[in-house]
Amino acid sequence: MKPLKRGRGSHFGPLALAGERMEGIGFVCSSAATRTTTATKRMSTAAGMKAEAAPRKTVLVTGVSRGLGRALSLELARRGHAVIGCARSPDKVQALQHELMAVSLDASSSSSSSSASPPSKHLIIDLDVRSDSGVQALAKLLMETKRLPDIIVNNAGTINKNNKIWEVPAEEFDMVMDTNVKGISNIIRHFLPLMIQRKNGIIVNMSSGWGRSAAAEVAPYCASKWAVEGLTKSVAKELPPGLAIVALSPGVINTDMLVSCFGSSASLYQTPETWAPNAATMILNLTTEDNGASLTV
Ligand SMILES: NC(=O)c1ccc[n+]([C@@H]2O[C@H](COP(=O)([O-])OP(=O)(O)OC[C@H]3O[C@@H](n4cnc5c(N)ncnc54)[C@H](OP(=O)(O)O)[C@@H]3O)[C@@H](O)[C@H]2O)c1
């Protein structure tokens with residue numbers, strides 16, 4: 001399936017495009033590429049409800065200024081979990097920090113229990129995941145303040161402008177690989193040893209249907225997401241008991257990234273806000289049995 005060729009005419013009307021993509025290529029992975037896991041089974045057994053009662057977790061989500069990362073962060077805060085987040089837009093980072101605190105205050109004041117815990121502490125910072133030293137400083141800060149994440153969601157990502165590979169400038173290719181692959185690697189480099197020391201932790205690497213299939217004009221992005229799948233499966237073999245790492249394809253969601261590759265037909269897809277509750281439930285229910293899996297939510 002080709003991405004929409006905006007400005008140069010598309011082979012497909014929006015509905016045909018949507019139907020074709022939903023059948024298995026594009027951002028949606030085929031069922032053969034996804035195995036049913038303990039996490040997906042747990043989701044179908046009212047695990048969503050149990051997530052509300054589960055102990056509070058600290059979740060590090062990268063790329064929280066908009067799209068999936070932002071919606072997921074708000075959903076986690078609504079459920080009482082503490083969110084550590086990062087992105088490169090200082091204004092949006094600051095706004096989300098306030099919004100998360102307000103969500104947590106609301107959640108705790110509307111609780112009927114007199115023994116309700118205080119609102120979770122969130123920390124949203126301006127950080128570029130491409131910066132190894134920046135990620136190292138965050139890990140040190142969280143270690144020192146005893147806020148090491150129980151779960152890390154490596155969500156920050158970028159896509160190249162639709163283009164044949166020979167028309168993609170070298171800097172743009174680098175940007176996609178540096179963010180989508182090396183950004184995850186930076187997080188793993190500095191957080192995994194701390195999780196290993198603590199003997200538990202779950203790492204979720206945001207993949208894509210295009211990490212399991214391919215499309216024209218998004219070769220840098222496809223290459224980066226296939227790399228995410230490979231990196232995940234390789235690291236899974238290095239983990240000691242108590243830890244797990246998975247690749248998660250989020251499906252097709254109407255975000256800025258989708259608009260970049262699908263154009264106006266992005267509006268045919270679900271919003272990050274409708275996606276987030278299912279994603280949060282799945283992520284919160286991952287266990288070490290899921291180690292190395294390629295999942296889809
Ligand atoms: N939307 C979909 O249908 C879809 C499908 C498959 C996979 N995905 C994956 O899901 C993830 C989220 O996608 P999305 O659709 O929500 O994208 P999006 O709307 O473009 O948001 C991307 C987020 O990543 C952040 N980011 C980008 N580069 C960063 C960097 N170097 N350091 C820190 N943060 C950075 C952005 O914030 P700043 O610009 O403020 O830094 C933004 O918050 C990505 O990994 C994407 O590949 C999405």
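Two residues are in contact if their C-beta atoms, placed from the backbone, lie within 7 Å of each other. The legends below use this term throughout. The structure is a predicted model, in which local features need pLDDT of at least 70 and side-chain atom pairs count only at pLDDT 80 or more, while totals for chains, interfaces and linings use all residues. Residues are numbered from 1 along each chain as its sequence is written.

**Figure 1. Overview of the protein chain.** The secondary structure of the protein chain comprises nine helices and seven strands; helices (H or I, at least four residues) and strands (E, at least two) are DSSP runs, numbered from the N terminus. Of the 297 residues in the protein chain, 44% are buried. A residue is called buried if 20 or more other C-beta atoms lie within 10 Å of its own, exposed if 12 or fewer do, and partly exposed in between, with C-beta atoms placed from the backbone. Among contacts between residues at least 6 apart in sequence, 75% join residues at least 24 apart.

**Figure 2. Lysine 57 and its contacts.** Lysine 57 is found in the loop between α2 (38-53) and β1. Lysine 57 counts as partly exposed because it has 19 C-beta neighbours inside 10 Å. When neighbours within four places in sequence are left aside, lysine 57 is in contact with His81, Asp150, Ile151 and Leu284. The C-alpha atoms of lysine 57 and arginine 147 are separated by 10.0 Å, although these residues are 90 residues apart along the chain.

**Figure 3. Serine 65 in the loop between β1 and α3**. Is serine 65 buried or exposed? Serine 65 is buried, because 21 other C-beta atoms lie within 10 Å. Apart from neighbours within four places in sequence, the contacts of serine 65 are Arg70, Ala87, Ser89, Lys92, Val93 and Leu96. Serine 65 and cysteine 86 are 21 residues apart in sequence, and their C-alpha atoms are 7.5 Å apart in space.

**Figure 4. The surroundings of the ligand.** The ligand is surrounded by 32 residues, of which the closest are Gly63, Gly67, Arg88, Gly157 and Thr255. Here a residue is near a molecule if its C-beta atom, placed from the backbone, lies within 6 Å of it. The elements that give two or more residues to this shell are α3 (67-78), β2 (82-87), α6 and α8 (256-262). By type, the shell divides into 13 nonpolar, 13 polar and six charged residues. Ala, Val, Leu, Ile, Met, Phe, Trp, Tyr, Cys and Pro count as nonpolar, Asp, Glu, Lys and Arg as charged, and the others, Gly among them, as polar.

Figure 5. Helix α5 has 13 residues and reaches 18 Å from its first C-alpha to its last, close to the 18 Å expected at 1.5 Å a residue. The expected span of a helix is 1.5 Å times one less than its number of residues. The buried residues of α5 are Val135, Leu138 and Ala139. They lie on the same side of α5 because they cover an arc of only 100° around the axis, the arc being that of the directions from the helix axis to the C-beta atoms. On the other side of α5, Ser133, Lys140 and Glu144 are exposed. The cover over the buried residues of α5 includes β3 (123-126) and α6. Just after α5, lysine 146 takes a positive phi of about 55°.

**Figure 6. Helix α6 and the residue that follows.** Helix α6 (residues 170-198) has 29 residues and reaches 40 Å from its first C-alpha to its last, close to the 42 Å expected at 1.5 Å a residue. Where does α6 bend? A bend of about 35° occurs at lysine 182; the bend at a residue is the angle between axes fitted to the seven residues ending there and the seven starting there. The buried residues of α6, including Val176, Ile184 and Phe191, pack against β1 (58-62), α5 (132-144), β4 (151-154), β5 (201-206), α7 (219-236) and β6 (243-249). Lysine 199 lies in the loop between α6 and β5 and has a positive phi of about 70° although it is not a glycine. Lysine 199 counts as exposed because it has 10 C-beta neighbours inside 10 Å.

**Figure 7. Valine 153 in strand β4**. Valine 153 counts as buried because it has 29 C-beta neighbours inside 10 Å. Not counting residues up to four places away in sequence, valine 153 touches Val59, Leu60, Val61, Leu72, Val204, Met206 and Ile283.
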